[in-house]
Amino acid sequence: MSDPYDPYASRTILHEQVVDGFGTVRVLPLDPAADAPLLHRWVAEERAAFWGMNGLTEQRIAEIYAHVDTLGTHHAHLVLKDGVPAALLQTYEPEADRVGACYPVEPGDIGVHLLLAPAAPGDARSGWTGGLAAAIVTYVMAVLDRGRVVVDPDVANEKAVARFLRQGFTAGPVVVLPEIDLPDVYLPEKKAQLAFLTREVAFGR
């Protein structure tokens, strides 16, 4: 029986994992309309400038993720920690994305974008990134059965680049992702630091 006080109780749980010393992490499908107010608060902050949605309205954010929801190659997820929204996770097929033009895509590759929720005032969140990453990597590699994860943070986003390298990613080339200008999607040109995580590194096998 679902919890009537849990606003996410009706959503399919794509992955659930208890991370030792951290908590329970759940990966759920994003609901573009229901989650737009939450995402709007996250992306409006200066810390999220590299996400590229500063200044967008809730309605526009809902429209963007409604469009993503129609794609078979790109997927958006809400990540919860102990029932509380903790991150926005996007996965995509590199060959169907602009990054695919910038490196030799291998079978089993999957692309990931990750936006962490802002910390509460005074919350140092020690181990936060590592705890979420442990569950997200398990979801992407074990549940979705992928052999390698690729990320493409803006080269100027030094915190994100350092975060991925701490999680075991290996730095790849610096590339220029081409501008995308379509009716439903606009992405400006981006100088990105590619980084890769293999199953062998993630799980030691």
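Me: Which residue with a positive phi follows H3?
Reply: That is Asp145, with a phi near 60°. This is a predicted model, in which local features need pLDDT of at least 70, side-chain atom pairs count only at pLDDT 80 or more, and totals for chains, interfaces and linings use all residues. Residues are numbered from 1 along each chain as its sequence is written, and side-chain values use heavy atoms, leaving out hydrogens and water.

Me: Why is H3 called a helix, and how do you know that its span agrees?
Reply: A helix is a DSSP run of H or I with at least four residues, a strand is a run of E with at least two, and both are numbered from the N terminus.

Me: What makes H3 "mostly covered"?
Reply: Counting as buried means under 20% relative accessible area (exposed is over 50%, partly exposed in between; 1.4 Å probe, protein chains only). In H3, 12 of the 16 residues are buried, among them Trp128, Leu132 and Val140.

Me: How do you know that E6 and E10 pair?
Reply: Two strands pair if DSSP finds at least two bridges between them. E6 and E10 have four bridges, in the antiparallel sense, so they pass. In one of these, Val151 has Ala195 of E10 as its bridge partner. E5 and E6 are joined by three bridges and run parallel, with Ile110 opposite Val149.

Me: Why are E1 and E7 at the edges of the sheet?
Reply: The open sheet of eight strands has the order E1-E2-E3-E4-E5-E6-E10-E7, with mixed pairing. E1 (15–19) and E7 (170–177) each have a single partner strand, so one side of each is left without a neighbour in the sheet. E7 is joined to E10 (residues 190–198) by six antiparallel bridges.

Me: What makes a group of residues a nonpolar core, and how many residues does the largest one have?
Reply: A nonpolar core is a set of buried Ala, Val, Leu, Ile, Met, Phe, Trp, Tyr and Cys residues joined through side-chain atoms within 4.5 Å. The largest has 26 residues, and Leu89, Leu132 and Val149 have the most contacts inside it. H3 gives the largest share, eight residues. A second, separate core has 19 residues, including Met53 and Leu88.
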